[in-house]
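User: I've just opened this one and I'm finding my way around. Could you walk me through how its parts touch each other?

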Amino acid sequence: MSRYPDLCLNLKECVCQEMGTIDPSIFWALLFKGGFYGMKKREVGGKYCLSGHPTLPCNVLKFKSTTIMLDCGLDMTSTLNFLPLPLVQSPRLSNLPGWSLKDGNAFLDKELKECSGHVFVDSVPEFCLPETELIDLSTVDVILISNYHCMMALPYITEHTGFTGTVYATEPSVQIGRLLMEELVNFIERVPKAQSASLWKNKDIQRLLPSPLKDAVEVSTWRRCYTMQEVNSALSKIQLVGYSQKIELFGAVQVTPLSSGYALGSSNWIIQSHYEKVSYVSGSSLLTTHPQPMDQASLKNSDVLILTGLTQIPTANPDGMVGEFCSNLALTVRNGGNVLVPCYPSGVIYDLLECLYQYIDSAGLSSIPFYFISPVANSSLEFSQIFAEWLCHNKQTKVYLPEPPFPHAELIQTNKLKHYPSIHGDFSNDFRQPCVVFTGHPSLRFGDVVHFMELWGKSSLNTVIFTEPDFSYLEALAPYQPLAMKCIYCPIDTRLNFIQVSKLLKEVQPLHVVCPEQYTQPPPAQSHRMDLMIDCQPPAMSYRRAEVLALPFKRRYEKIEIMPELADSLVPMEIKPGVSLATVSAVLHTKDNKHILQPPPRPAQPTGGKKRKRASDDIPDCKVLKPLLSGSIPVEQFVQTLEKHGFSDIKVEDTAKGHIVLLQEAETLIQIEEDSTHIICDNDELLRVRLRDLVLKFLQKF
Amino acid sequence: MDPECSRLLPALCAVLADPRQPVADDTCLEKLLDWFTAVTEAGSSLLLLQENPCLVELLFHVLKSQDLSSRILSFSLRLAGIFAAQENCFQYLQQGELLPMLFGEVGPLGGTSWTAPTVRSGWIQGLHTLAQHPSALRFLAACGAVDTIFSLQGDPSLFVASAAGQLLVHILDLAMRGPAEGHRSPQACDWPACAQKIVGHIEDSLCSTAIPQVTQALSVLTTVFGHCHGLWTQGLWVRLSPFVARLLEKDPVPASHSLVDFLLSVARSAPSSDRGLWETLAQTLSHLSPTQAGPLAFGILKLQDCPQALRTQAFGILLQPLACVLEAAAQAPGALGLLGAAAGDSVAVGTLLSSRPACVGLLCCALAHLGLLQPLPQRPSPWPQVPLLGAAVTILRLCSGSAAPTSDVGGRLCAILVGCGRVQRAALDFLGALSQGTGPQELVTQVFSVLLEYLVSPESSSMVLKKAFQATLGWLLRSPKTPGCCDLDPHTQLFLRELLPVLQKRLCSPCWEVRDSGLEFLTQMTRHWGGQAGFRQALLASEVPELTKQLLRDPESYVRASAVTATGQLSSWGLCATPASPERPGAQQSLLAELLHILSTDSEGFPRRAVMQVFTEWLRDGHTDVAEDAERFVAGVLQAVSRDLDWEVRAQGLELALVFLEQLLGQRGSHCPCAVAPPEAAPPGLLAHALQVLGRVQLFEFALRALFDCDRPVAQKSCDLLLFLRAKAAPCGSPREAGDGPNVASVGATLQKWQAGEQGQPLGLLEPAAVVALLRSIDLEGLRDTLAESSDHVEKSPQSLLQDMLAAVGALGESGADCY
């Protein structure tokens, strides 16, 4: 019988129905100051994993009736199975022997070539696309891009799946992403290859091939590179966003990009409804490099945190690797050798150039030319200087001096760094050795780097230094064997390592962590390194390619707005300071994921003519409400009241949940508990009613 | 006290007593107190007060004045303490009731000034100085000072609290040393009341539940046993040991750090036959946590006389963490060796795995303690060198992530330790310390392998690398020689071949600390092995010498300095960048020119100092290129150094000049310039030649200029050099014996100008005879004595101090006019 005010927080569950009327007897809610109601709703989010590569993710999140693609990474490691595309005719590559089966059958010798015990496909390189069968990608509403490396598959998705939605990304991500795509297209298109190999992809044939071709997955879905036309079309679907900008998706969800500290314009995303929050952390860094620092605070209080894009080399500290890079570079050049640095045209190269800017004078390398060769080299160097608002504080300050934020401007001015679109043209006139060349592609399968590998590979004076962590350097070098030049592996990956992740998770405390399965166990080669995995409580939920994961959301409420006129009609009653209650009869109107409580329709007025009203006409449509009660019954006073009303021989017993008042004479029990009061008497309705009235005296009604 | 000071004293006292006068700074007051201490130590305080009544007046005035600064009040309390330290003066002051007014409850103790920590500190220090005689003890008891001191032990000012503890120790010692000294029974029952009171307070504090109070008591006791050596301290220990036993019953043991300090202090002062003490120590070792017990175990092992069983227990405590690591990482049983007994301790394992800070703290302490223990003569024997080496290697591998432990504990340890720089540094230090011993070849190979791993790893921080270089050097220099051959053994040669490319890379590091450590390592290695064929061969086949030479132009001055030292060392052994060959005969010469260039032009002092050290060494050792034309070399160096702004470079120039002189005229009899026996005179023919050479290299001018150098060490060194030269050149004869012509007179005039600071005028070429005459004419001994005085000996006089203090407030008449 008695109801404590706090219990009013336990809302009764109801199912939200479009335009449905809610029966006031089963729907009641706590009135908040703003005039909103909370309503419980059954809905579980789902996550579809389309990429097995943890740093080149492509996931689809179904959340609050929206379908959101998180990143659109392109796994380019498939290209390692192909022969390099030389810019200049390479007799060595063109004379490689064809591969034949053990029994001497040579039907694949046109498609497959052998080099130092490895077999390569002699064809235009192909890429492994995200899964397209797991979910109908035309149903994707939006694509959220977290950084320029994670959008390389965009043309495949937007141009070939019936996608009609919008892509959201920051301006630097789009501009530099465009450069990366442009470079990729250029690298492949400028060396047209007449031959296209497809025979080897036949499952029965593939089974006969040596590793790693034999083990390559889903080769039938591998695709050639897109065209510039497709790139432009894909990029036209992008809507630019700024950090902390709130973007409404169909009224159901709000998405917000946050700085992730990894690259220019790189973002993490918050995807939230009124009661649920999903954080998508992809490619973040806590190191002080050139981008704006990571915004950690906004990730707090997430129900689910999807964690991708951690460092690919968790055992290598970027600072140590930069030191290693500089030392080896200096050693090579001092001995008269050349240094080749296969790299992307944006990202770590900015930091490397900055380190070298500080280092070359001290190392006595001032006279050594540095060449940056890429079809987009000029644009990349210039873009980096104009995105001031996306840079770290120190670099932003420089802009106001005014000075270029990156010191590579000075290197260019002093002719220490020269950039060229390709090895053809001006470069061949200016080229002098020993020198340092930065050029792509890091896979060593296409781009100007192929030329330098062929040119310098034979001399042990030269060194190739791998700084990009995306490709296995041994596999990248395989088609160049035997190789005399020195190889140094200094992968510089500034993304979060496991120690940093552990601190981050402690700081932001998500209820659940979801991550690729690779992060939930130590690397296979270092199975004892328990520190190289995510350690959190509850344990992280893991996913793998082509898997669907149900996301757990503990809170399932919807926000409901109440119309002003309806709010006016309510008579809240303060049951304790700051908490008021009122009953409401209303119609719940739901449209575009917004829920509004509207006043109920007035009963139709009698049209007249009838002179006599029927008694039933006075009865409203809805049932007569019993008043709601609140408050508590002080047992001592209650007993005194009973005694005043003539009850004697009263005994009170304490129970686990409250008290039992025993009226021995009347053989009646009154059970007083936290949320109920029961009067148990033997068929004496009058007595029960009398006792009930005495109980009600202690409670408030409304 | 000299009359002039006596004359100034009344004015000074008046200034000090005047609250309107700006108070002199604390340094002056401290100097004044030092002076009074010296005066009272030299004579009677009573006489001093009687002759200078202004002093007592000052003390009285201080008591009356309401608005005097706390610093002057504190000063007065300390001053009174200095005077009252002599018993007759104490009586004199007591007659005037001055002491109770200063130190009793009616004095500052009860006033508002007591809130100033400096006053409380002055009060304690005054009493500390005062408490030197039995009358003082009676006074302390009468004025209730001891209770105040008890309360001051918990003073919010740490200085006051510490001074209060020390005063308690002093009073206790004074009471126990009293007239019955030597006969004082160790039995506590007949101790004086004052001592009883203090000991009773300590006992109460030891029983307290408040840890700060326990800490205070233990801290007082630690000082007592550290400083007081009477028989009574044994009685004190007997009386207090039950209280210690009660402390040990608590879990956790309160104030464990202070308890360890106290027990070690007792153990150091107690006779070795005290079984009770050893039992308490053993009990404490077993009660404390592994982290707390480490310092106690280490302290016990350093004791000279200590029961073997206790030493074994203590050693076990230090070995426990390493034994746990070895056990956790063991691939095969039996790896523990002598540490086996210490393994399996669940408490140690629990601490290691409880958290990263606990694990790191425990391991670092154990490694540091064992490293310090290793070279001591009293280190435990047998010393488990082999398992300790194994443990150090294992820890380093766990830290680098290269160990692959199979056990669960090992896996967790690996996760905790991987990448931990602190443990890496401690383990490398320990590994370096273990290089004093040896080990089986297999294990030594592992040592070199793990050291190489650290030297190669890009993950190694600059500090870790420095430690790795140091440990490597230790192990390399301990490498056995091949039997029957003076060259390096094959293992070492193999290691060198792997090491030099790493060193090459490190010399190119963008981090200057790494380049510097690499160069220091190279210098040390060359110094020891420059003559070993195997080393020479490996080094010359590498690019290390060339890189080292390039680092002479490093932007970081420390690196340039280290590069100078390294190239100097390489060159001494003929290992410099390009070996002298028919094609490039000038290679070595160019190094000399390069170093001279650094000496003349480098803007930083460190590289220039390093060049001078190299040059001095080259000259002393007869380096080929220097020996070819030493005269030209010395002339060039002295010319470059003479105007150097860095006094250390100039002083080093004099060192080089001295070496040159010795080579010309013969060795000094003793390195001490004050040696009684003068150096033997040089034969006349040799002397004439030498003086001509010295004139040509302008050594005289350099040395004479240095004689008036504004930096005293330079002038002293020059004085020593000229004394040596005079002894060689003109051991006897009157100053006017030779060449007292116009030449000498003009030189004398020039020298006077130099002395006055006008150093522009050159000395001109001096005839040998004129040099000899000049040397005789200068009072070098007098100059040496003057230079031996501290530079402020004139200003340090008490008279000067009083004048300064008076001048500061304008109380001296003559300073009134020059204010503007």
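User: How many residue pairs are in polar contact across the interface of domain 1 of chain A and domain 2 of chain A?

Analyst: Keep in mind that this is a predicted model, and that side-chain atom pairs count only at pLDDT 80 or more. The two domains meet through 28 residues from domain 1 of chain A and 31 residues from domain 2 of chain A. With both residues of each pair at pLDDT 80 or more, the number in polar contact across that interface is eight.

User: Which residues form the salt bridge there, Arg190(A) and what partner?

Analyst: The rule finds one salt bridge across the interface of domain 1 of chain A and domain 2 of chain A. Domain 2 of chain A covers 318-489, while 130-192 is one of the segments of domain 1. The side chain of Arg190(A) comes to 2.8 Å, N to O, from that of its partner, Asp448(A).

User: Which helix gives the most to the side of domain 1 of chain A that touches domain 2 of chain A?

Analyst: By class, that side has 14 nonpolar, nine polar and five charged residues. Leu179(A), Phe187(A) and His290(A) lose the most area to domain 2 of chain A, together 27% of what the domain 1 side buries. The helix that gives the most spans residues 171-189 and supplies twelve residues: α3 of chain A.

User: Now the two chains. What is the area buried between chain A and chain B?

Analyst: The contact draws 20 residues from chain A and 23 residues from chain B. On the chain A side, Leu331(A), Arg334(A) and His528(A) supply 33% of the buried area, more than any other three residues. Carbon and sulfur atoms give 56% of the total between the chains, which is about 1700 Å².

User: Which residue of chain A forms a salt bridge with Lys505(B)?

Analyst: There is one salt bridge between chain A and chain B, alongside seven residue pairs in polar contact, both at pLDDT 80 or more. Helix α6 of chain A, residues 318-334, gives the most to the side that touches chain B, with ten residues. The closest N and O atoms of the salt bridge are 2.4 Å apart, and the partner of Lys505(B) is Glu324(A).

User: What share of the residues in chain B is buried?

Analyst: Chain B has 42 helices and zero strands. Of its contacts with a separation of 6 or more, 71% are between residues 24 or more positions apart. Out of 820 residues in chain B, the buried share is 53%.

Key. Residues are numbered from 1 along each chain as its sequence is written. Chains are lettered from A and ligands numbered from 1 in the order in which they are written. This is a predicted model: local features need pLDDT of at least 70, side-chain atom pairs count only at pLDDT 80 or more; totals for chains, interfaces and linings use all residues. Side-chain values use heavy atoms; hydrogens and water are left out. Helices (H or I, at least four residues) and strands (E, at least two) are DSSP runs, numbered from the N terminus. Buried means under 20% relative accessible area, exposed over 50%, partly exposed in between (1.4 Å probe, protein chains only). Contact means heavy atoms within 4.5 Å. Domain bounds come from an automatic or database domain assignment. Buried area is the accessible area (1.4 Å probe) that two parts lose on being put together, summed over both. A salt bridge is a side-chain nitrogen of Lys or Arg within 4 Å of a carboxyl oxygen of Asp or Glu. A polar contact is a pair of N or O atoms within 3.5 Å; within protein, one must be able to donate a hydrogen and the other to accept it, and residues adjacent in sequence count only if both atoms are side-chain atoms. Ala, Val, Leu, Ile, Met, Phe, Trp, Tyr, Cys and Pro count as nonpolar, Asp, Glu, Lys and Arg as charged, and the others, Gly among them, as polar.
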